[in-house]
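These are my notebook entries from reading one structure. I set down what I looked up, in the order in which I looked.

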Amino acid sequence: MSKIKEFVSKGVRLIVTDTEEGGHPEAAREKEIPPEAFETPPPRAARSGVPATVEDFAAVYQEAGIELPPHGYGVDKVGEMLESKRLAPLGREVKATAVLAALEAAQVGVRDVIQDAVRRDGALDAFESAKEREVQELRERSEGRVKTIKEEIERFLREKNAEIEGLKQAAETAGQAFAQLQARKHREEERLYDVVAHFVEGTDNPITTAASSRATVPVKPRE
Amino acid sequence: MSRFKEFTGRLRGMVRRSPGEPAPGARPFNWDAPLEGSDEPRDPAAGLTVETVPLRPAPSRPPAAPRARPEELRSSPEARPPQEPRSPHWRAKADADFRSIYAEAGITTPAHGYGVEKVSAMLANAHLASRPRDVRATAALAALEAAQVPLRDVIDDAVLRHKALAAFEAAKALELQATWTRSRSRIEALQEQVRVFLAARNGEIDALNRAVQAARQQLAQLQARKQREEDRLLRVVTHFAAPRPIPAPPPPPMPRGAIVAPALPADPALKPAPAEAVRPAAALPPAGPGPGGPPKPGSS
C-alpha cells in the first residue's frame, strides 16, 4: 500500500479549518473526511502503453483518465502554490493557511485536492503494477524461449556429435584395417622374399619387404 | 649322392603331370653330375644345372616386372615385359584375401603351372622340410629344370605378386588418406556448423537475458521515480490533513456487582432482624481481632 493510501485509509482530519468567515461554508465546515471519500475506481486497463522509462508522469495520469478538476485546482497546482517564492520563506502552517485561503477564495475544497492526489497515487500504483506484470511476462517468455533454445542446442549437438563420432570411428576402423593389411602384406612379402631368396641372394632379390611398406604409410591429418 | 637322388626322384613325382596334360617340349634333363674334372655340363642343352644356375642375376638385367594377364599373353606372346598391375581402383577391401587381390590384379599361375606358390609349396614339402636350405633350393631347381620351367618365370611371378601387393597397399593408402581427409573436412564443417549454431543461439539467449535485465532496471528506476512522486503528493496533502486519530477503544465492560434482592413490600409482620443477626456467615468479618484494636497478647 502506498503512503497516501495508507494516509487516507482511515480518513483524514483537516488541519487548518479556522476559516468560517468569508470562506466556502460547506468547505469550511468540513473538518474530517471519511475514508469512503477516497475510494478510487480500479484502473481502466491492466496494461499501459506508456513506457516504463517515462520521465513525466503526466502521460501516466492522462492514460489513467485523470483530469484536472474543473476549477483548475489539483494537487499539482497546490504543490506549486506551496513552493512559490512568496510562500517559500514562510513557516509550514503559514504556507498551508495561505494556500487554504486561496482555495477557499476559489471555492475549492481541500477534499478535491486530496482526492486528486489519491487518484494520481492510484494511477501510479496501477502503472507500476502494469509494468511489473510486463516485466514478469517478459521474463516468462524469455525463460520459455531460452529453454526451447537449450533443447535445440542439445538436440543439434547430439546429432552433430554422433556424426562426428561416426566419422572418427570410421576413420579409425579404416586405419586399423590398413594397419592389418600392412602387417599381412609384410608377412606375404617376407614369404615371397624367402621363396625367391632360395635362388637369388641378398640385394639381388627383387622382392623388398619393409622399405616399400613404410613409403606408403598415409599421413593421418591432425585432429 | 644317393639321398639327393632320392629327393629329386620324389620331386619328379611331385611335378609329374596329370595324364591329360600335354607334356612340355622335348628337352632332355640331365640328372647326372658333370663329368669329373670338367665344369661343363654333360648336356649343354640342360644348361642350367644346379651349380651353374645364375643365382645372382646379372646387374644389367632389369628387375622383374609384373606380368601381363594370361589372355594378353596368349594374344601377344612376344609382349613379354610384364605390365604393371591394372587399375588403381580395387574392388577388394583392405581385409581381403591375397588370392582375391592377385586375381583382381590379373595374376594367375603361369601356363606351365610353376609359379612362386607352387615353388613355395615345393620348398615347404614335408620331405624337404628338414633339409638344409641349399638342398631344398637345389631340389626345387631340379624340379623346375625337369619341367623345363625357367627360374625367371618363378621370380617374375613373385615380383608380379609383390608389385600387386604394393599397388594394392598404395591404393588402400590413398583410399585411407582420402577417407581421413574427407572425414577431417566433414568434421571441420560440422564443427563450424556447431560453432555458428551455438553463436547464434547463445547470442539470442544473451539478448533475451539483456532485455529482461534492462526491463528490470527500468522497473527499478520507475519505482524510484514513483516513490519520489508519491512523496511529493503526500507532502502537499500533509500540509492540510492528518490521519484521523484512531478512536480510542471502548472501555472494558464494568464488572457486574452482587445481585441485590428487590425490596420487599413493607410488611409489618416482617420486621427486619438486626443487621448482625441476619448477616450471613460468609459476610461476617473474619474471626480475629476486630478493627477496634490489636489482638491481646496470649489470646490465641
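Entry 1. I looked up the buried residues of α5(A) in this predicted model. They are Lys95(A), Ala96(A), Val99(A), Leu100(A), Leu103(A) and Glu104(A). I then asked why these residues lie on the same side of α5(A). They do so because they cover an arc of only 165° around the axis.

Entry 2. I looked up what the buried residues of α5(A) pack against, and found α4 and α6 of chain A.

Entry 3. I checked the length of α5(A). This helix has 14 residues and reaches 20 Å from its first C-alpha to its last, close to the 20 Å expected at 1.5 Å a residue. Just after α5(A), Gln107(A) takes a positive phi of about 55°.

Entry 4. I turned to the largest nonpolar core, which has 44 residues. Those with the most contacts inside this core are Val12(A), Val78(A), Val99(A), Leu103(A), Ile114(A) and Phe240(B). At least two core residues each come from α1, β1, α3, α4, α5 and α6 of chain A, and from α6 of chain B. The largest share, 9 residues, is that of α6(A).

Entry 5. Which residues does Val78(A) touch, not counting those up to four places away in sequence? I found Val99(A), Leu103(A) and Val113(A), together with Val236(B) and Phe240(B) of the other chain.

Entry 6. I noted another core, of 43 residues, lying apart from the largest one. Among its residues are Ala96(B), Ala105(B), Met122(B) and Ala164(B).

Methods:
Residues numbered from 1 in each chain as written. Chains lettered and ligands numbered in written order. Predicted model: local features only at pLDDT ≥ 70, side-chain atom pairs only at ≥ 80, totals over all residues. Heavy atoms only, no water. Core = buried A, V, L, I, M, F, W, Y, C linked by side-chain atoms within 4.5 Å. Buried < 20%, exposed > 50% of the residue type's maximum accessible area, 1.4 Å probe, protein only. Helix = DSSP H or I, 4+ residues; strand = E, 2+ residues; numbered from the N terminus. Contact = heavy atoms within 4.5 Å. Expected span 1.5 Å × (residues − 1). Arc of directions from axis to C-beta.
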